[in-house]
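Hi everyone, thanks for coming. Let me put a structure up on the screen, and then we can walk through it together.

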Amino acid sequence: MKKKIFLRFFAVTLISVLLMFICGIIAVNLNTKNVVNEMLKEQTQLAAELINGTEDFEAFKMYEDNPDLRITVFDLEGNVLYESDTTAELENHADREEIKNAIAGTPKAVERYSDTFKCDMTYFAVKTAFADGGEVILRLAVRSSQVNSYITALIPLLIVVLAASLIISFSLSGILSKSVSSKVTEIGESLKSLNDGEYNPIKTDMSESELFAVLNQINELNANIHSHIRIADGERVKLNTVLDNVSQSIVALDKGKRIVFANKSAFAMFGGSHHDIGRDLVFLVDNLPIYERITNHLNEDYAFTCEYNQMQLSVVISKVTDDTILDDISAILIVTDITNEKLIEKQKSDFFANASHELKTPITVLQGLAELLMNKECIDEGTKKQIARIYKESVRLGSLISDMLMLSKIESGDTPQITLTEVSLDAVAGEIVAGLCEELSRRNITAEVVGRAMLVADQSMIYELIENLVSNAVKYNKDGGSVKVYVSQAEAGVCLRVTDTGIGIEKEHLPRLCERFYRVDKSHSKRIGGTGLGLAIVKHICAVMGAELTIESDFGIGTTVTVVFSKNN
């Protein structure tokens with residue numbers, strides 16, 4: 001860099017000096033010509049004062065055949081009266097510029113080539129009068145080469161000045177380049193120190209105010225950058241510490257399926273190392289089916305569960321949509337080991353099924369004995385009321401156990417052989433509505449089935465699904481309200497929609513409605529009865545049949561539950 005700066009300084013100085021040298025020669029040349037012209041004018045006017053008649057021409061004899069000076073006298077018609085150059089032709093000179101200017105009274109120096117002397121000559125002519133009143137033109141001419149002789153004499157001096165200027169320029173360029181280079185090097189070292197996590201300020205000198213201000217600004221900028229780098233490094237260390245200590249495996253991928261980041265849990269789960277950073281995901285996830293399933297869904301948000309090395313894994317793929325922030329990351333994988341959760345879920349499901357099965361027999365016996373006791377005539381009315389209460393609660397408990405068994409079978413896949421038949425949804429819905437006519441009449445609720453649709457499915461599952469939806473619509477309705485069951489058939493599939501004008505559900509409760517035993521208002525649910533498993537059963541039936549379940553509700557206005565059975569099911 002120092003050499004480049006020196007060469008640039010020297011080149012600029014050299015060009016400047018050469019321009020000054022050329023301009024100096026031109027200026028000297030012009031000035032010398034002006035001096036010669038002035039001298040020629042003065043000598044011509046002096047000579048004109050000395051002649052008063054033709055007899056005075058003898059005074060010019062001394063200049064005859066002088067190669068450096070030529071004196072000529074003309075009459076006003078341009079004819080030669082006297083010529084100091086005896087070899088010159090005495091032709092008429094009326095057309096010469098200097099003669100015309102002299103006659104016009106505006107004499108001036110004229111330079112042109114002379115055929116007589118075979119060189120450039122400078123002429124000056126004036127009009128003068130003799131003592132007898134006659135007028136003549138006196139012209140003096142000198143060789144223009146006399147000007148060049150002055151310039152030639154000055155060139156050595158100019159060359160010496162040029163050489164001295166170049167030497168000084170060379171020295172100053174070296175000093176300036178060294179000074180600038182040292183400052184640039186110091187700035188570079190200060191910037192380089194930022195990469196090493198340090199900050200070395202640039203030395204400043206207040207004697208150079210402009211440079212001092214610039215270097216101070218660079219120092220302030222470097223200090224701010226260093227501060228931000230330290231803060232960013234601290235945040236990065238914190239983030240990496242957090243990511244390395246979470247139990248979930250986190251892997252970031254670019255558009256080429258290469259690993260950009262992976263935490264310790266990911267390396268521990270899949271048996272990889274930091275050497276896999278920058279390589280294709282297959283080097284970390286060596287299970288080809290799982291790898292293909294991940295890479296096939298990198299352009300979307302996707303989730304699935306799989307088995308890997310005797311572990312049950314939950315894989316969530318999140319597509320990075322804002323590539324202006326993370327332009328080298330296109331997707332993030334979050335892999336969770338859910339082996340223990342799956343085991344606990346299975347144990348809970350097994351306990352749920354076993355407990356339900358074991359409770360079914362004693363509840364049935366209790367229900368039967370209560371029914372027998374109610375029919376005894378020897379029992380007083382007070383006791384019969386208590387027995388009737390026992391019977392009612394045993395029926396409710398039996399219904400709960402039946403729902404628990406149903407849900408357990410659906411979840412475990414131990415349902416009886418599914419028999420696919422053509423089912424009329426409107427007929428099933430009408431049958432269910434008819435079975436609820438007593439409660440509908442008691443609460444003045446209207447129920448209506450609208451539309452027709454046929455579906456190939458298991459009739460018992462369809463009955464269970466519609467029965468749960470319609471019974472909920474009645475239970476959680478207002479007195480004097482309405483329930484409508486809409487069924488429709490299109491090319492895409494069959495749609496079942498149950499709407500009510502009931503109490504509605506607040507938005508925050510909607511995501512948890514299909515959880516087992518979840519109640520929005522426990523006091524209200526206890527008052528109207530129910531097992532709390534209806535929507536859980538509906539959800540699992542939809543999952544078995546590949547149907548889509550959506551629930552929409554406005555608090556205080558009503559609820560709409562929609563089930564869409566695809567045509568392929």
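Let's begin where two helices meet: Leu425, Val428, Ala429, Glu431, Ile432 and Val433 in α9 are in contact with Ile462, Tyr463, Ile466, Glu467 and Val470 in α11. Contact here means heavy atoms within 4.5 Å. Helices (H or I, at least four residues) and strands (E, at least two) are DSSP runs, numbered from the N terminus.

A quick word on the source: this is a predicted model, where local features need pLDDT of at least 70, side-chain atom pairs count only at pLDDT 80 or more, and totals for chains, interfaces and linings use all residues. Residues are numbered from 1 along each chain as its sequence is written, and side-chain values use heavy atoms, with hydrogens and water left out.

Back to our pair. The axes of α9 and α11 come within 10 Å and cross at roughly 50°; axes are lines fitted to C-alpha atoms, for helices over the stretch in contact, with angles from 0 to 180 degrees between N-to-C directions. That makes α9 oblique to α11, oblique being what remains once angles under 35 degrees (roughly parallel), over 145 (roughly antiparallel) and 65 to 115 (roughly perpendicular) are taken out.

Now, which residues have the most contacts inside the largest nonpolar core? They are Leu425, Ile462, Leu465, Ile466, Leu469, Leu496 and Phe565, in a core of 40 residues. A nonpolar core is a set of buried Ala, Val, Leu, Ile, Met, Phe, Trp, Tyr and Cys residues joined through side-chain atoms within 4.5 Å. Buried means under 20% relative accessible area, exposed over 50%, and partly exposed in between (1.4 Å probe, protein chains only). The elements that each supply at least two residues of this core include α9 (425-435), α11 (459-475) and β17 (558-566). The largest share, eight residues, comes from α11. Take Ile466: leaving aside neighbours within four places in sequence, Ile466 touches Leu425, Val428, Ala429, Ile432 and Leu496.

Elsewhere, please find Val73 in strand β1 (residues 69-74). Is Val73 buried or exposed? Val73 is buried, because its relative accessible area is 0%. Not counting residues up to four places away in sequence, the contacts of Val73 include Phe57, Phe60, Tyr82 and Leu138. Val73 and Leu138 are 65 residues apart along the chain, yet their C-alpha atoms are separated by 4.6 Å.

Last, the cysteines. Cys437 is partly exposed because its relative accessibility is 46%, while Cys495, at 17%, counts as buried.
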